[in-house]
Each structure stands twice: as C-alpha cells, then as structure tokens.
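Hello,

I am handing over the structure we talked about, and you will find it just below. My notes on what turned up follow after it.

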Amino acid sequence: MVTAERVWEALAEVPDPEIPVISLVDLGVVRDVEVEDGRVRVEFTPTFLGCPAVDVMRDRMEEAVRKLGGEPQIDVVLDDSWSTDRITPAGREKLRESGFAPPAPREAAGPTLVQIQSHAFRCPYCGSTDTRLENIFGPTPCRSIRWCAGCRQPFEQFKTI
Amino acid sequence: MNARAQARPELDTILAFADDELVLGWRDSEWTGIAPFLEEDVAFSSIAQGEIGHARALYELAAAELGTDADALAFDRSPVEYRCSPLVELRLVQDWALTVARHWLYETADSVRVAALKESDWAELAGLAAKMDREEAYHRMHAQMWADRLRASSERERFEAAVEELWPAALGLLEGDQRARLCELVGREPVEAIGRDEHTDELAPLWEEMTMVRRSVPGAAW
C-alpha cells in the first residue's frame, strides 16, 4: 500500500540529474506529497526556470512512484517558493563533500555584487576563505565559479537564490 | 484568440515580455564560443539559457489562457505578430560595447518591469515574476559589473556612445510611469522612445533561423 511516507522515502533516493550526489528531497524541490486511493500527487518547484533537468526530474519521480505501485501526477509549480535556503542540512553537507560549496543563506534584499565579490566564501576542498569570484556564471544556472588562493584551484559555488 | 485575450489585460504585457526574453536569449547565445574570453562564453550562454527559460514560463502562462501551447506561441507566429522590442532584435556580436550597453539597459529596464509584475493581482503571474527576479538578480550583477568595468576603462567613450545609441529603444521597453523609473535608475533624461510598433530588419533573418525546425516539421517538439 503506497503511503505519503513511502513516497517521500522513495523521492529521497532520486538523485538530481546534474548533481547526482544530492537527492530531490535534499534539494528542497519536492513541496508536497498527497496520496489518495493509489493516486500520488507530487508538487514540485524547479530550482531555475531555465533548468534543462526539469523534465528528467519529473520522469524520475514518476518512475519512483510507479515502482511503489502508485499512479503518479507530478504538478510543476512555478511560484516563488523555492530558495537555496530549502536545501536540507544533509544536502548541504553532501554538496560540500563533493566539491560544491553550499549556498550562503539568503538575506532579505537578496544577493548583491559586493557580497559575492567578498571573501566570505569558503573553499570546499581546503576550507580557506581566501577565495575570489572568477565568474558569476558556471556550467549550470545554479553555480558560480570561484578561485581558492589557499589550495590554488577553482571550485564551484552554489548561487544563493 | 483575441476574444480570450480580452479576459486578462496582462496578456499583452506577458507576450511582449516573453518575446523580448526569447529573442534576447537567442541574441545572447550568439556569443557562445566567440566571446572576448572563456568566462564570458560561459556567462552569456548561461544568461541566454536563463532568458529562454523565462520566455518559456511566460509563454506557458499565456498559453494556458489562450488555449494553445508555449512552442506554438514561441515559434508558430509570423514575424509581424511578435511583440518584442527593437532593442533585443539587434545582432550585436563582434561589438562588445554595444552588447554590454544593451545588457545593462535591458536588465535595468527588466528589473522595473518585474518589480511591477510581482505586485500583480494575478497570483500565478506575481509568483512567476518573483521567481524570475531571484534569477535576474545575477544577470543584473553581471551587467552592472561590465558597465562599471567599461566606464573605468580606456573604452569609456565608446561605451557611453553605445548607451546613447540604444537608449531610445531601451526606454521603449517600458510604458508610462515605468519609463520615469528607468530614467532615474540609469541616470538619463527621457527622449522620444522607440516602442514596439515596428520591427527592425534584423528580426526576419533571426525568425527564419529560430523557426526553421517548426516550419519544416509542424508541431515538432524537442
């Protein structure tokens, strides 16, 4: 019998297509799960509107729900409810261990150029904060590139959204 | 289509906005592989992806009201039906001063437009605008960083001339009170704006390229 709890557990095992070390639940994109008579409705908010992984995420969630014997309905909600503050503490740790510096907490006014050009960002490899912004944009919309003067190598910094 | 468009007065604005983002995203992507250095290849490609993602979300919202789909709105209309501003139509590859000037003017105007849409009574539109604003913050930072950099460089005059050249079309991105706000933000006097009534000669070749697949295979999805 499929239950909301089992669906959450299954979705916690679905990796993000672009950063597979973290699951969709860790990423905070699963907003709600409702189960009624075997029909499973999952409400999900993409990280970025231009994220090409959205369709893959939807397919993988459908597959995970079907494996539990449920009939999936994935509703994509394009509202303002996702922020990098929704990434779970476990998710942040998994990112850091894999060489992605987790996002800084979002301040009320949002990120500023002064803030991202500051030295407050910690290198995920050596822990130094002697790092500088190389490029606001990186290989995917959610990441920037920084340079660590401590261990002399670039690293990927999750943007604060 | 027109009868239903009456139902939501915002639909015209949304379509114009979506067309701007689609066409500018296309133009930005023309820098992929040929930007002045690798970081800007990545930046303009990522910004292009962002703008086209925003266009898709706006088209989807409009399409649900109009009983069509996002691809049909993006690719199945004739060039005259597009509502994009002449500012985004210009092919500016190879001129970095004009490219940065457009980027800075567009992102600043866009911030005014998005701020207004966040206050919309239409909850879905307000929510979408707020989500877009979180992402656009990074486009704005990038544009500001480059505008500051060129103003502090030996190319200052060239950059200011580029801003001057594009200013009437940038002002025409917005309507009414929003124009005064843009003047304030960029520190410029109002001029006679170039609005959305006429397209430049540069839209047609872009449209040919952009709609080629859908015209070859009607209804194609990818």
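How many Å separate the centres of domain 1 of chain A and domain 2 of chain A? Taken over C-alpha atoms, the centres of these two domains are 28 Å apart. Please keep in mind that this is a predicted model.

As for the domains themselves, domain 1 of chain A covers residues 4-76 and domain 2 of chain A covers 99-158. Where they meet, six residues of domain 1 of chain A are in contact with four residues of domain 2 of chain A. On the domain 1 side, the touching residues are three nonpolar, two polar and one charged.

Now to the sheet. Chain A has an open sheet of three strands in the order S1-S2-S3, and the pairing is mixed. Strand S1 (30-36) and strand S3 (71-76) of chain A each have a single partner strand, so they stand at the edges and one side of each is left without a neighbour in the sheet. On average, neighbouring strands of this sheet are turned by 15° against each other, direction ignored.

S1(A) and strand S2 (residues 39-44) of chain A run antiparallel and are joined by six bridges.

Helix H1 (residues 4-11) of chain A lies across S1 and S2 of chain A, at about 140° to S1(A). Helix H3 (residues 54-67) of chain A lies across S2 and S3 of chain A, and runs at about 155° to S3(A).

Best wishes

Notes. Residues numbered from 1 in each chain as written. Chains lettered and ligands numbered in written order. Predicted model: local features only at pLDDT ≥ 70, side-chain atom pairs only at ≥ 80, totals over all residues. Domains from an automatic or database assignment. Contact = placed C-beta atoms within 7 Å. Nonpolar A, V, L, I, M, F, W, Y, C, P; charged D, E, K, R; others polar. Pairing = 2+ DSSP bridges. Helix = DSSP H or I, 4+ residues; strand = E, 2+ residues; numbered from the N terminus. Axes fitted to C-alpha atoms, helices over the stretch in contact; angles between N-to-C directions.
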